[in-house]
2 protein chains.
Amino acid sequence: MNMMKFRLLIFLMAAVFTTSSATQHPNLFLTSAGVKEIKKSLGKYPAFDKSVNELRKIADNAINSEIIVPIPKDGGGGYTHEKHKNNYYEMNACGILYQLTGKKEYAVFVQKMLLKYAELYPTLGQHPAVRSDTPGRLFWQALNEAVWLVHTANAYDCVYNFISETDRKHIEKNLFYPVAEFISNGNEANYAVFNKMHNHGTWATSAVGMIGYVMGDKNLIDMALYGSKKDGKSGFIRQLDVLFSPDGYFTEGPYYQRYAIWPFMTFAQVIQNQQPELKIFSYRDGILNKAIHTMLQSTYNDEIVYLNDALYKTYKTQEIISAVNIAFKNNPSDVMLLDIARRQDAFFVSDAGLATAKALKNNKSKPFEFKSTVVRDGQDGNEGGIAFLRNNNSLLTFKATSHGLSHGHYDKLSLSYFDNGNQIIPDYGAARFLNIEPKNGGNYTKENYTWAMQTIAHNTVTIDEQSHFDAKIKVSSNYHSDIQYSDISNNKIQIVSGIDTNAYKGVKMQRTSAMIENSMFEFPIIVDIFKVQSDKPKMIDFPFYYRGQMISTNYESHKQVSELKPLGTQNGYQHLWLEAEGRTTKPVTCFTWVNGNRFYSINTLTNFDTELMFTRSGANDPNNNLRSETAFMLRQPNTANHTFVSVVEPHGLYDLTKEVTVGFRSSVSNLVLLADTEDFTAIQISHINGKSFLLITTNKDFNNNTTRTITLSGKTITFTGNYYYSEIN
Amino acid sequence: MNMMKFRLLIFLMAAVFTTSSATQHPNLFLTSAGVKEIKKSLGKYPAFDKSVNELRKIADNAINSEIIVPIPKDGGGGYTHEKHKNNYYEMNACGILYQLTGKKEYAVFVQKMLLKYAELYPTLGQHPAVRSDTPGRLFWQALNEAVWLVHTANAYDCVYNFISETDRKHIEKNLFYPVAEFISNGNEANYAVFNKMHNHGTWATSAVGMIGYVMGDKNLIDMALYGSKKDGKSGFIRQLDVLFSPDGYFTEGPYYQRYAIWPFMTFAQVIQNQQPELKIFSYRDGILNKAIHTMLQSTYNDEIVYLNDALYKTYKTQEIISAVNIAFKNNPSDVMLLDIARRQDAFFVSDAGLATAKALKNNKSKPFEFKSTVVRDGQDGNEGGIAFLRNNNSLLTFKATSHGLSHGHYDKLSLSYFDNGNQIIPDYGAARFLNIEPKNGGNYTKENYTWAMQTIAHNTVTIDEQSHFDAKIKVSSNYHSDIQYSDISNNKIQIVSGIDTNAYKGVKMQRTSAMIENSMFEFPIIVDIFKVQSDKPKMIDFPFYYRGQMISTNYESHKQVSELKPLGTQNGYQHLWLEAEGRTTKPVTCFTWVNGNRFYSINTLTNFDTELMFTRSGANDPNNNLRSETAFMLRQPNTANHTFVSVVEPHGLYDLTKEVTVGFRSSVSNLVLLADTEDFTAIQISHINGKSFLLITTNKDFNNNTTRTITLSGKTITFTGNYYYSEIN
């Protein structure tokens, strides 16, 4: 059955759907059967009990406090914002606790609060603190309103049978229908978001769909599933088609993948309970399960990697806890998820959470395998991709994706690198202080655009001090980079190669990065070849942001001692203090720093023209919105064709506890660019022990099965595939 | 019995000491009885086994490797340095493993290596890499040579009976006697150190004493215990009198206290085994036990606080592991030490270690009580002191000590503050990269003096841009600050008050800091009153170094956006980039930042003259030897008398995982200096809820029992003691 037919079928099935099953309560995340089982299980699964008790604490605190439903006034972090947020957490907790204990006070609390909201809501106009194009009523943006409704729908579901029909009618008429109407059709912007292929749209459809199921309103359910026009061209099902790539990658990047996954997984669970015939978890070849795995693979030491707009976040958040629980419940053979649940040490108090806790207790878990992955971007998987190369405790991310909607950065072919538990060559992530009102109302700061999104803030090349696509999202969104080839089948060398031809007019950028394991080096090294070809001479800047303390350079770096000036005036350059400059006569430049208990060296090819700089972010930052981050930067002026060849090498030990310092010097003795043509690039890396490696990457006609013959210094090398790697003796 | 008589007695006892007990082997850290018991105990105490196995790993690796005793050449971090260091660890491990297993290979290894050293040592002149006034032969400084001897003496003790008498004689003649002679009398400098009241002296006496005991050489033993002249005016016993204050504080500060305690405790254990009649652990009212407790009390979250020359270090290092084990073994009623041993999760493989492991297993442990302490500095306890105020997870250090020998900083009345697991208002510690050769040979960098030691690098006042005592150690060492009074008896308010009248001519500085717990504030707050009186007008700078990201100021802080300049030209000022300047018309200036998941605000009294600055270290640092640290700084120009009044308040929650941000605003609504005279200073702190506190500190005639009457705004207040604290309603 092809996809279009399948979608049509679903649509037809939906058309014959009746609300019969919706008359059961609860039936969103908790079912009657699930409640019975949870009650029986209390005391058996300590981490699950802990999660129940956390809810109990919230609920008990709630029923002993005055119910306050304030008139909306403040933005994120402000009193009314946090109060309404707290209110939905309290209703949700009381609803669940009512189901688990039967204690009426909990239900009364939800009922009373809902009645208060039913009183307030009809009086509200647009929220006074406008944050976005889609303002809310209770909150500054409609998104928060949808999140409110998701939680509140669950609370209502839990106490549905407790509340009198009169009250229910009153609440539904004055609160739930107006909220659902506001979210789906309150104004042009909200209508657009509801029908948009965007995570805010998923929150909107999930929220409306959930309250639809609780109220047994087929109209709302169908709108949620198939869009306002119920034609399947928008709505939740369509979002499942569009928002994830076939590999389950969410185009905005890992940080927002985490957030997007929440409504996807939770609403999918609701659909599964209410309309199991839709087989939502099998939909699109099990796209939801792929999404949770892709999400988990994009973490390092529990933390989600920092790409695009990203802040600190681990997979131990409530959204990933519920997503993992739901994914496991609906794919019980996926026992690696239990390992994640074990690390999360908390559960979604629901049928799914209990099923997960039980299976974990029964030792069904297998270690979650954090492995190298290359995932495609784009609805059809043809809009570039992102690679995660891992070996032991190292991770290299390699980004050759599409723009990533409004949270994307102008960072084609950028990489970031983690090792030994630390961020070594970090991506800046977002310039934002979440919910801290004095920091631009807790929203993204101005510097998120002027700095964090700009190309120079990333570990990739900037040409002529201009960002990729001139930092214009409308232009950038039309294009994507591509993965030329990748091979992650062997730890000896894992390699990925990407290309971008659109970021700059007339410029072709190709980058090939490899993680190489060889006993000559203590730890896996990164080899990086960045080839830039331009139709006319340009200035190319190539920074490596590094965290740690500088140890040494093998050239004279002239540090500014009595005055710092910004490196430039725009496109992010205005935010960089130029801390040091230098040139070298050596063909290989080496810079060494220390982070944690390990040293790192970058050895990179340089020539007489190369300007070597050290920078620090923080210039032109009147409101202190930037972190102070340091970079080692190569500047290659006036060149049409240039290929950067670099090795990032972790080495040695700096143990302050044992007072042991060894191996603070790089083991790379030489780097040579042996050949560099349209067809291929060949480099030689030499170790101080005298041995060398040869790495050849092809630059076109990629094919795993092509056999190629190359002559290097009179020697003929034949290989099959896209690259050649060998030790030279 | 008075102290002089006691010392005389010891001296006389030593005079009748015979070497009989020294003929037993082993008898330093391991005894024959201890070895038997350890053998029986293997497999019973996992953490002890782990420590044995670590030694076994070293030993097994050693016996399977070539013995290399290189000609000394490199400084710390370099090959020969690390090799000789490794050699003594290997000999030590093999010696112990020989005792525990009887396996000859271990003993043979020690024997062979000792023979190699006996061959090399007589050929050596002064080490080519000279680090200090006291160069070594095997190492760049004699200190390392002493540490080598401590370990090697133990190894020799363990294999003593295995080695033939001929070999022993050869080794003793060509190696141990020459090393002992070199350390104690190799040249004028070494002689001086051996007899000096300094931790290097303790290493020297311990090393010589230990090999003396092993070889049964009374001359060496007596020199070690009573000095080169054996008159008790120097030597180990005298060091016990002088180097610790009566409270067990080591004058160089906590970081070096950790290091100093190593030879003190280990050699004391040896003395206890060899000459139990000396009752060394009871000496000076149990000074060694006090020293270990004072050491442990000067940690925060396992880390030793950063005062004077200090780097990162926890109490989980080998020196504190052995010290804790030995302290417990010799004071078995001190069961709180077992709690530390549990956290260390490793043991000193010795009689002491086993005794500790056993007691721990038998559940004798009590939680170690990290509590507020005020300890005196100086041999007689009359050279000022240092206070550690704690409440829950907060720690304030308050330093009013003597200089602290060569590792002291010019930081009279400085404080540092830890909270919620983080360094909030840190002390810089040392500018050093231990054993990283490219960083000034791994030694202290030049910037340790030009920056880290200078007053402006500390959280105290600098006057007229001059450091305390003009940063002259010879001057500074003549004086000390004083604790005026303290009271740590009640968590509601813990208070300490200090004075310094010598740091600047004609200037009296008095500082009173309190940690106050009140339910109005979420967390304990710090109230700080810094009173400066000068004979003529001066410029006073008062920085608060802060870690974290700035959130807001309640005045317009003009940040340098396009150029940074150093704040000054000397005395540490040359290392500060001036990042922002501002003035205020408000009487109370507020600065808020975030660190970890908590906000912090400093509210401080200001006037029209106050210049408000933000600085960052890193200027005039051509070799990148400085960390980038930020400060909020008050500058009060042209004033003879000024009193800074500040409140440091932790507040709110910034939880990025749960996306909860609350309480990012300070709760301090006002600060008023009600009165400020020669006699007393009175301040009022107001909370946004309308309530206020009154704090009065007396400025002279300190006495806990004096009843004082003060009239404030027409109201008479009577109190007994040195301060008054009350809520005003």
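Which residue of β18(A) does A:G582 stand opposite? The legends below start there and then step back to the whole chain.

**View 1. Strand β18 of chain A beside strand β15 of chain A.** This is a predicted model, in which local features need pLDDT of at least 70, side-chain atom pairs count only at pLDDT 80 or more, and totals for chains, interfaces and linings use all residues. Residues are numbered from 1 along each chain as its sequence is written, while chains are lettered from A and ligands numbered from 1 in the order in which they are written. A:G582 stands opposite A:L612 in β18(A). Strand β15 (residues 576-582) and β18(A) run antiparallel and are joined by six bridges; two strands pair if DSSP finds at least two bridges between them.

**View 2. The pairing of β18(A) with strand β19 of chain A.** Here, too, the strands run antiparallel, with six bridges joining β18(A) to β19 (residues 630-651). Look for A:R616, which stands opposite A:T630 in β19(A). Strand β18 (residues 611-617) is mostly covered, with six of its seven residues buried. Buried means that 20 or more other C-beta atoms lie within 10 Å of a residue's own; exposed means 12 or fewer, partly exposed is in between, and C-beta atoms are placed from the backbone.

**View 3. Chain A as a whole.** Chain A holds 18 helices and 27 strands, which are DSSP runs numbered from the N terminus (helices: H or I, at least four residues; strands: E, at least two). Its C-alpha trace spans about 90 × 55 × 55 Å along its principal axes. Of the 729 residues in chain A, 56% are buried.

**View 4. Where chain A meets chain B.** In this view, 41 residues of chain A are in contact with 41 residues of chain B; contact means that the C-beta atoms of two residues, placed from the backbone, lie within 7 Å. On the side of chain A that touches chain B, the elements giving two or more residues are β13 (549-553) and β21 (660-662) of chain A. The most comes from β13(A), with four residues.

**View 5. The two domains of chain A.** Chain A is divided into domain 1 (30-182) and domain 2 (373-728), with bounds that come from an automatic or database domain assignment. The C-alpha centres of these two domains of chain A lie 47 Å apart. Five residues of domain 1 are in contact with six residues of domain 2.
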